[in-house]
Amino acid sequence: MAFSEPSSPIRPTTAHIIGGGLSGLCAALRLAERGIGVHIHEASPHWGGRCRSWHDTQLNAEIDNGNHLLLGANRRLLALVRTLGAEQRFHHLRPASFPFLDVQRLRRWQLRPRGLLSLFTGAALPPGATLPGFALAALRLSRASESATVADIFPVRDALYQRLIAPFCRSALNTQPEAASARLLANSFRALLTHRSSAEAWIPTLSWRDALIDPLLARLHELGVTLTTRRRLETLTITSGRATHLAFNDLSATLTPETSVILATPPWEARRLLPEVVPELSYSPIANLHFKPDEAFPVDAPRFIGLVNGAAEWVFRRENLASVTISAAHAFTHDSPEALAGRVWGEVCHALGHIAPLPAHRVIMETRATFAATPETLRLRPSSATPFSNLFLAGDYTATGLPACLEGAVISGESAAALCA
Ligand SMILES: Cc1cc2nc3c(=O)[nH]c(=O)nc-3n(C[C@H](O)[C@H](O)[C@H](O)COP(=O)(O)OP(=O)(O)OC[C@H]3O[C@@H](n4cnc5c(N)ncnc54)[C@H](O)[C@@H]3O)c2cc1C
């Protein structure tokens with residue numbers, strides 16, 4: 001079977017998008033809005049890639065593969081949500097304040113980042129940290145060299161480092177401070193503090209599938225995009241400087257000169273298909289744990305809370321589902337799911353004020369959740385353009401200037417679409 005290329009003047013060109021994660025879906029949206037005929041081919045049975053959700057039969061609940069927080073600083077992602085009319089599918093956390101708990105000392109505090117003012121008012125400071133210390137940290141970060149790690153520029157492990165810099169580094173960059181790029185951390189802090197609204201936060205009411213992926217798929221259907229799951233690209237043929245042939249598990253397509261291809265797979269798969277362009281990157285794991293107790297959590301328990309000095313880092317609460325994220329989770333990859341769940345549940349009980357025996361739970365360990373945001377990896381990130389005239393890259397690993405994240409996936413998809421002639 002071969003694709004027939006449309007000859008209608010309304011759709012002068014065709015694009016094949018390989019991968020139905022957020023970067024591929026965004027690229028498809030932007031191309032289809034321009035009247036280009038788009039086919040998306042997704043290898044797995046589901047859409048959304050690392051941002052997928054599913055109904056877990058053991059928990060009888062919809063769960064996300066990864067807990068993601070939508071921030072005001074994620075401008076392109078937020079714009080997408082608004083374009084899709086999907087804002088009402090999120091809880092908007094007002095006021096934008098972030099509760100924290102030190103699980104060793106059982107001390108609680110709130111951070112209220114309010115743009116650049118936070119640098120002067122201390123609203124973004126944890127207990128034990130001082131304004132001069134914060135100003136000095138900001139200065140050090142802003143002057144960090146390209147090769148410096150976060151740990152390199154913070155030799156003193158004070159309260160500011162333990163309770164703000166290191167946890168923020170692990171969650172924003174999914175990399176331990178000893179390996180993480182100080183430059184990239186500086187960019188992330190800057191994005192969060194630039195505008196008063198940057199630290200506003202949204203959490204999906206039900207799941208990321210419901211809040212973003214389904215509305216995006218609905219719009220793509222409306223625009224006439226062909227969406228196919230369980231179709232894996234096996235090989236990509238390059239001839240005379242352009243992509244000429246796609247061989248999938250169930251069909252093959254010979255490409256006309258007017259046809260473009262956007263490779264929107266994860267980086268390891270892009271490297272398998274295009275080793276001369278996509279470098280070998282290193283990866284970092286994230287653990288997500290979901291707990292469903294029989295009784296609902298107290299209604300005044302926080303919807304979202306950060307933990308320090310424990311295993312869990314962020315706890316997201318829905319009606320009677322608590323979901324926990326542990327970034328840069330190397331220390332836990334060899335733990336049994338039961339042992340990890342038992343330890344983390346104790347911390348969740350403290351965080352949400354809900355003491356109960358370990359309930360039904362699900363542990364998801366993604367060993368290649370994102371690339372490791374080290375100075376070396378950042379130097380290797382490829383741009384969306386390739387040496388081949390009709391072939392482009394999309395994905396969180398491309399050179400977006402951001403850590404691996406949903407915002408980066410949106411930016412990369414839109415950039416790749418803009419490059420398609
Ligand atoms: C556990 C976890 C927690 C996270 N937490 C956050 C967070 O809090 N905030 C944040 O912003 N980001 C977070 N991220 C990162 C975020 O999910 C990713 O950056 C983003 O989803 C990447 O999108 P993508 O389109 O680049 O890649 P992917 O989502 O990986 O999509 C690639 C798609 O390509 C498909 N594919 C692969 N090979 C082929 C092939 N040969 N043929 C066809 N299709 C193929 C895959 O099945 C997949 O669907 C988290 C990630 C994980 C795993």
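Two strands are taken to pair if DSSP finds at least two bridges between them, and helices (H or I, at least four residues) and strands (E, at least two) are DSSP runs, numbered from the N terminus. In β12, Arg242 is the bridge partner of Thr239. The structure is a predicted model, in which local features need pLDDT of at least 70 and side-chain atom pairs count only at pLDDT 80 or more, whereas totals for chains, interfaces and linings use all residues. Residues are numbered from 1 along each chain as its sequence is written.

β11 and strand β12, which covers residues 242-248, pair in the antiparallel sense over 6 bridges. Both belong to an open sheet of 3 strands with the order β11-β12-β13 and antiparallel pairing. The edge strands, each pairing on one side only, are β11 (233-239) and β13 (252-254). On average, neighbouring strands of this sheet are turned by 20° against each other, direction ignored, where axes are lines fitted to C-alpha atoms, for helices over the stretch in contact, and angles run from 0 to 180 degrees between N-to-C directions.

The protein chain as a whole has 12 helices and 20 strands, and its C-alpha trace spans about 65 × 50 × 40 Å along its principal axes. Because a compact globule of 421 residues would have a radius of gyration near 22 Å, the 22 Å of the protein chain agrees with that expectation; the radius is taken over C-alpha atoms, and the globule rule is 2.2 Å times the number of residues to the power 0.38. Among contacts (C-beta atoms, placed from the backbone, within 7 Å) between residues at least 6 apart in sequence, 70% join residues at least 24 apart.

Technical notes:
Two residues are in contact if their C-beta atoms, placed from the backbone, lie within 7 Å.
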